[in-house]
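Please keep the sequence and the model in view while reading.

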Amino acid sequence: MNTSHVDDYFAALSKRDSLRIVPHLAENIVLLGPIFPEATVGKDAVVEVLSGFLETIDSLEVVLRFASGRDVAVFFSFTCNGLTVKGNEHLHLNEEGLIDSIEVAWRPLPATVEVHEVFASKLGFPAMRLVPVSDA
């Protein structure tokens, strides 16, 4: 399977260019990630989330990528307000090679929550917070 759409998608993410991510996404794409508890479905909705992410981060660098059939795993790091977050994405490609599914994970958790707060303020939704468990 040709994975050029994944390479071009991550090149656009690295350049923080939301317009250049659009042609690599299938119309029925599903995004599962650390920002929203529910899946984001559909190209327009996913582009909105990814555009907000790109407006939030300072940089993104791909560290490792490998593929098997129509599945691609990409490991990366990004910075936001002085924080470095490591992430990985499992992307699935449709028959045309377009990305039809993205599942995202970030770590470490405290930095992820801080980035989520910045992202929430930009897109206008309630931020999640880490709350210590009290001894009860």
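A salt bridge is counted here when a side-chain nitrogen of Lys or Arg lies within 4 Å of a carboxyl oxygen of Asp or Glu. The structure holds three salt bridges, and the table below sets them out. The model is a predicted one, in which local features need pLDDT of at least 70 and side-chain atom pairs count only at pLDDT 80 or more, while totals for chains, interfaces and linings use all residues. Residues are numbered from 1 along each chain as its sequence is written, and side-chain values use heavy atoms, with hydrogens and water left out.

| Salt bridge | N to O distance |
|---|---|
| Asp7 and Arg65 | 2.6 Å |
| Lys43 and Glu27 | 3.6 Å |
| Arg70 and Glu95 | 3.8 Å |

For solvent exposure, buried means under 20% relative accessible area, exposed means over 50%, and partly exposed is in between (1.4 Å probe, protein chains only). By that scale Asp7 is partly exposed at 36% relative accessibility, and Arg65 is partly exposed at 29%.

Lys43 forms its salt bridge with Glu27; Lys43 lies in helix H2 and Glu27 in strand S1 (residues 25-32), so the pair ties together parts that are 16 residues apart in sequence. Lys43 counts as buried at 14% relative accessibility, whereas Glu27 is exposed at 59%.

The pair of Arg70 and Glu95 links the loop between S3 and S4, where Arg70 is found, to the loop between strand S5 (83-93) and strand S6 (99-107), where Glu95 is found, 25 residues apart. Arg70 is partly exposed at 31% relative accessibility, and Glu95 is exposed at 57%.

Strands S3 (residues 59-68) and S4 (residues 71-80) run antiparallel and are joined by nine bridges, where two strands pair if DSSP finds at least two bridges between them. Ser59 has Thr79 in S4 as its bridge partner. The two strands form a hairpin with two residues between them, and Gly69 in the turn has a positive phi of about 60 degrees.

Helix H2 is largely enclosed by the rest of the structure, because ten of its 14 residues are buried; among them are Val46, Leu50, Phe53 and Thr56. Thr56 sits in this helix, which covers residues 43-56, and Thr56 is buried at 4% relative accessibility. The side chain of Thr56 reaches the backbone oxygen of Gly52 at 2.7 Å. Apart from neighbours within four places in sequence, Thr56 is in contact (heavy atoms within 4.5 Å) with Cys80, Val118, Phe119 and Lys122.

Helix H3 (residues 109-123) holds Ala120, which is buried with a relative accessible area of 2%. Leaving aside neighbours within four places in sequence, Ala120 is in contact with Phe125, Pro126 and Ala127. Ala120 and Val46 are 74 residues apart in sequence and 15 Å apart in space, C-alpha to C-alpha.

Notes: Helices (H or I, at least four residues) and strands (E, at least two) are DSSP runs, numbered from the N terminus. A polar contact is a pair of N or O atoms within 3.5 Å; within protein, one must be able to donate a hydrogen and the other to accept it, and residues adjacent in sequence count only if both atoms are side-chain atoms.
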